[in-house]
Amino acid sequence: MRNVWLIAKREYLERVRTKAFLISTILIPLLMGGGIVGSIIAGGKAKSTSHITVVSPDQQLATDLQAELENGRDSHMTVDVISPGNSHTRDTLDSMLADKQLDGYLWIDPAPTPSERPKFSYTPRSTADISTKGSIRSALNTVLLRERLAHQGMVSSDVNAMMEPVTVDTTQAGKSADTTSSFVAIYVLFFLMYMVIMLYGMNVARSIIEEKTSRVFEVLLATIRPEEMMAGKMIGVGSVGITQVAVWLAAAILLTSGPIMGAIGGGSVHVSLSAMQIIFFVVYFILGFMLYSSIAAALGAMVNSEQELQQLNMFLVMPLAACMFALAPVISNPSGPVARVISLIPFCTPLIMYLRISLAMPPWQEIALSIVLMIATIYAVLWVASRIYRVGVLMYGKRPNLPEILRWLKYS
Amino acid sequence: MPIVELQHVRKVYDTKVAVDDISFTIEPGTMFGLLGPNGSGKTSSIRMMIGITVPDSGTVQLFDKPFDRGSLKRVGYLPEERGLYKKMKVMDQLVFLGQLHGLDATVASKRAHVWCEKMQITEAIPKKTEELSKGMQQKIQFIAALLHDPELIIMDEPFSGLDPVNATLLQDTLIDLRQQGKAVLFSTHRMDQVEKLCDAICLIDNGRVVLSGAMREIKSRYPANRVVLHFSGDDSFLRHPSIESFKNYNGQAEIKLVENADGQGLLAEAVKHARITRFEVMEPTLEEIFISTVGDKVDA
């Protein structure tokens, strides 16, 4: 155990000290921050600030529309009102459009009969300016609705109260299943695992290849067992990955909480997770990562160069991707036999068992069994990997084929 | 109590017989030379001694008990293919390898400093391994093998790639270690080194032992029948009956004696006729013994 720890410590410290680690650890949160600031700016832009002219025979409608567009919920436009227009108005406005003095004009023709709506036509300077058109449409809806309600004899304060946007609180009391939250958590877990396995699982494989090419292994094998070395490498490189992800997650939580999200104007999905869900998220993430890293270690033990590794890396993520197909049956019946069996397959456990836990708590025996099975699988994969490694490093040269690998397992 | 004992060890890789029935023992306080041409099975034998591979048949005993990984903490190993972590600082590297051999970090670092001084590479301590010359890296690796004060030191081709000054430094260090009672095994294909250093040897060829035993004993098996004689004056003593043949290069004679002659009679005769500046009965060199044993297969 001491040897595993020593190998892991060396691997961790050597990697964390590199510039590459420092840069990527800092750069990703910076990019996230940049993205959020960017979206705030873009969000500000999305509130249309165009300058338009409204031409209307109905003075009241035009000024209501002007008020809504200039100080409305989603627009801060500059609006000029011409009421009523005459035959020269259209020509004047067209030339103003050409001179870029205007972004567009809205022409309102009176309704032919009182029961019908007036006819609206908007002429933009650029047809690509969708947001202004959208703002005008929603402002018109609001104004017309308000007008209609006022006609029905409703007091204007009541009208305003009625027009308030509805907020739906998705937070639920108790531990009952919150499907949206579970869904989000599952997808976050999936993508996090996928990303980390691709990035750091591959690093485990690479570090084992590095050990082969630097030929340090012979000194190491003269004191420690290959499985100790494998386990040490996996834990060391894996911890680097977990450190980095933890930094990123912390940055993400900081960035998306409080004032910044407030500045964007909220509107995000509100995810509520219980403490239990968070604990299992961490447990299954780490176990899943270790399991897939042990496969990466085995792949690294089999090949002699990174190029060869590239050809094999699909084997690393295939089982994880396959789990995504199992999501639907598990969601429809989280305690059914299909879900129970799949959630005990070690390669699927992290995602599927976690999904079951967040939908309907399975019996603790099943959770314990799934964890035991995962640990046993990790150990078995490492054992096989270390066999392949021990024989593989001593017989350099071509990549072994399957019968050869099976034969190597018998060597000791 | 033998430190290493190999008995009828055999190892086959796929189709190639790497080691075929090798036996030898190494006693404490001896310098043991494992000799043989390239591909003769030296490295394969060494790897079985330290548990990197396991023999197909036969037994390996370390420290007078069947092989057990726990014994490896008492063994220092310098592999033929040198390897260190390139990006790692020298001191970190030595401490790491020392810790793997059971030392604690402060002891490892203290000893590493002492050894670096001894091996004259103190200036390398703060550097990264990749910044060092090959010879220096080799010395670092040499230190790494000795840091934990092993009782058995196994070195695969320790002198290859070293300049004469450093080779001597390493040689003296090995002699010191033998004096301290350690068992030292090294493999080489350079006969002159073995001749000077080793108390016992094992020569293997094609995975089989060709010649094995204490150096004195092996040499005594081959007759010392050559004499080098430097003289000035009358050369008529060269017709002495104990001489089978000779070559005389202006007073530097190389003489081959007849079988079982000991040369003393010749010396007495020569003194009567000429002034003798050198008289030496030459032992057969290992190289000569090799050639007479394995023919011209040895690529010395």
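This is a predicted model: local features need pLDDT of at least 70, side-chain atom pairs count only at pLDDT 80 or more; totals for chains, interfaces and linings use all residues.
Over all chains, the structure holds 7 aromatic pairs. In one of them, the ring centres of A:Tyr292 and A:Phe347 lie 6.0 Å apart and the planes meet at 75°, so the pair is edge-to-face. A:Tyr292 belongs to helix α11 (residues 275-302) of chain A, whereas A:Phe347 is placed in the loop between α14 (337-344) and α15 (349-359) of chain A. The pair therefore ties together parts that are 55 residues apart in sequence. The two residues also carry separate burial labels: A:Tyr292 has a relative accessible area of 0% and is buried, while A:Phe347, at 25% relative accessibility, counts as partly exposed. The value for A:Phe347 is 25%, and the partly exposed class applies because buried requires under 20% and exposed over 50%.

An aromatic pair is also formed in chain B by B:Phe231 and B:Phe237. The distance is 5.0 Å centre to centre, with 80° between the planes, and the arrangement is edge-to-face. B:Phe231 counts as buried at 9% relative accessibility, and B:Phe237 is buried with a relative accessible area of 1%.

Charged side chains are also placed over aromatic rings. A:Arg10 of chain A lies over the face of B:Tyr85 of chain B, at 3.3 Å from the ring centre. Within chain B, the charged end of B:Arg74 sits over the ring of B:Phe63, at 3.9 Å from the centre of that ring.

With a relative accessibility of 55%, A:Leu30 counts as exposed, because the exposed class begins over 50%.

Strand β1 (residues 51-55) of chain A is mostly covered, with 4 of its 5 residues buried. β1(A) is joined by 5 bridges to strand β2 (residues 78-82) of chain A, and the two strands run parallel. Among the residues involved, A:Val55 has A:Ile82 as its bridge partner in β2(A). β1(A) is also joined by 4 bridges to strand β3 (residues 104-109) of chain A, again in a parallel arrangement. On that side, the bridge partner of A:Ile52 in β3(A) is A:Gly104.

Conventions
Residues are numbered from 1 along each chain as its sequence is written. Chains are lettered from A and ligands numbered from 1 in the order in which they are written. Side-chain values use heavy atoms; hydrogens and water are left out. Rings of Phe, Tyr and Trp (its six-membered ring) pair if their centres lie within 6.5 Å; planes under 30 degrees apart count as stacked, over 60 as edge-to-face and the rest as tilted. Buried means under 20% relative accessible area, exposed over 50%, partly exposed in between (1.4 Å probe, protein chains only). A charge sits over a ring if NZ of Lys or CZ of Arg is within 6 Å of the ring centre and within 35 degrees of the ring normal. Two strands pair if DSSP finds at least two bridges between them.
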